[in-house]
Amino acid sequence: MLVHICCAVDSHYFLEKIQEEYPDEKLVGYFYDPNIHPYSEYRLRYLDVEYSCKKLGIPLIEGSYNLEEWLKKVKGMEHLPEKGDRCTVCYDDRLDNSVQKALELGHDKFTTTLLISPKKSQEKLDIIGNNLEKKTGVKFIFKDYRSGNGMELQGKRVKENSLYRQNYCGCLFGLTSQRENQKKLMDEMFNPISNQILPESIEERLELYKKRNTLEEEQKEYKIIKQRFLNYRLLSGKIVLEKEAIPSYIFAYSTISRKKIEAKVEYEKDGISYLSRDEVKFISIETFNSFAKTDYKSVKDLIYTPLKFEEELKVRNTILNSSFDLSALIVLDEITDKKYEIFIDSITYEDVRESLI
C-alpha cells in the first residue's frame, strides 16, 4: 500500500493504525507536497517525516517539489478560505500524483494521511480517492482515525516522539490568511541576504530538529522545551549620506522612534560615536573588529558573511553594556561629522521558540 504523507504530525499515528489494521501489507510512504512554502519549511517537514518513518520501519520516497506547477493550478484561488476550492485542487494534485506513483511501483492500494488532519475535508478526499480508484483500479483506502479519541491519541504520539508541530497548514495562501487573522507578523517569509539564521525562523527550527535526530541516533536523553522571548525583525534599513546610500550593517534589536531620522555625530568615546537623535550609535568596521575579534575588510563583507545571531547579540551587549538596550547600533566603513539620514523600519514582538535541553 502506498501512503501519501503530508507531515509527521498527521502521519505518525495514522501509519501506526494502518500497520495495526493491515499487518500483512507492505507500506511505502510517499512525501509529495509541492504546496508547502517556503522551501525551508518543506525541507523541515520532510526531515520530520523521514525521522517518523524510520521509527516505524516504513520506507519513504520523496516526490518532486514542483511548486511552480502547483501555483499555476491554484491561480485565481489565492484568497479562498481553508477547505475551499483551492484546497480541493490541492487534494486532486497530491492524490492524483500519489496514485500514479502507486501504479509505477506496482501497488494495488493507496491512502493519504490528509484524512486525519482536522483542517482537511474527509468528504472531499473520499470523493477524489474513489474517483481515482475507478479510473486506475488502485483501491483507495479511506480511514477515519480522527474520530472518537483519535486526535487525543495523535497528539500524544506527537509529544512522545518529539515531532515537529507546525503552526500553519503549509501553503503560502493559508499562511497569509492565518497570520492576517492573528494580526501577527508573517516572519516565516523572512530570509536575510546574509542567510543569517534568525530566532524562531524556519531555518532555526530545521537546525534544532537535525540536532534532535543526532541525539536520537546517539541514544542521548533530551527534551524539546519552549521559551518566551522578545523577537526582532528588520523590515528595511539604510543609511544615506549626501543623498547616497552607503554600506551599513544594522545590528539586531536596533530601533528608532520613526522610520526616518536625521542626525549628526555629537560625541565620540572608545570608538563609539553617539548621534544627536534617538540614541543612535555608530561604530566603524575597525571598531567592530576589535570588539568581535574578527578581521572584516569592509561593511559589505560583514553584510554578506555576518556573525551567528547569538554572537552578534554578545557583541552588541558588550558595546552597549546592556542586554535590554533597543537603540540603533550601526556599523559603517568610516564615520564623518556630516549629517546622516537614517532609515530603519523594524519590529520587536513577544514570541515563543523551541529549544533543546
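Analyst: Start with a definition. A salt bridge is a side-chain nitrogen of Lys or Arg within 4 Å of a carboxyl oxygen of Asp or Glu. By this rule, the count is 26 salt bridges. Keep in mind that this is a predicted model.

User: Why is the contact between Glu-41 and Arg-45 called a salt bridge?

Analyst: Their side chains meet at 2.7 Å, N to O. The cut-off is 4 Å, so the pair qualifies. Glu-41 and Arg-45 are four residues apart in helix H2, which means about one helical turn separates them. Glu-41 and Arg-45 are both buried.

User: What makes Lys-55 and Glu-216 a salt bridge?

Analyst: The closest N and O atoms are 3.7 Å apart. That is within 4 Å, so the pair counts. Lys-55 lies in helix H2 and Glu-216 in helix H8, 161 residues apart, so the pair links distant parts of the chain.

User: Why is Lys-55 called partly exposed?

Analyst: Its relative accessibility is 40%. Buried means under 20% and exposed means over 50%. Lys-55 falls in between, so it counts as partly exposed. Glu-216, at 29%, is also partly exposed because its value lies between those limits.

User: How do you know that Glu-207 and Lys-210 form a salt bridge?

Analyst: Their closest N and O atoms are 3.7 Å apart. The limit is 4 Å, so they pass. Both lie in helix H8, three residues apart, about one turn of the helix.

Conventions:
Residues numbered from 1 in each chain as written. Predicted model: local features only at pLDDT ≥ 70, side-chain atom pairs only at ≥ 80, totals over all residues. Heavy atoms only, no water. Helix = DSSP H or I, 4+ residues; strand = E, 2+ residues; numbered from the N terminus. Buried < 20%, exposed > 50% of the residue type's maximum accessible area, 1.4 Å probe, protein only.
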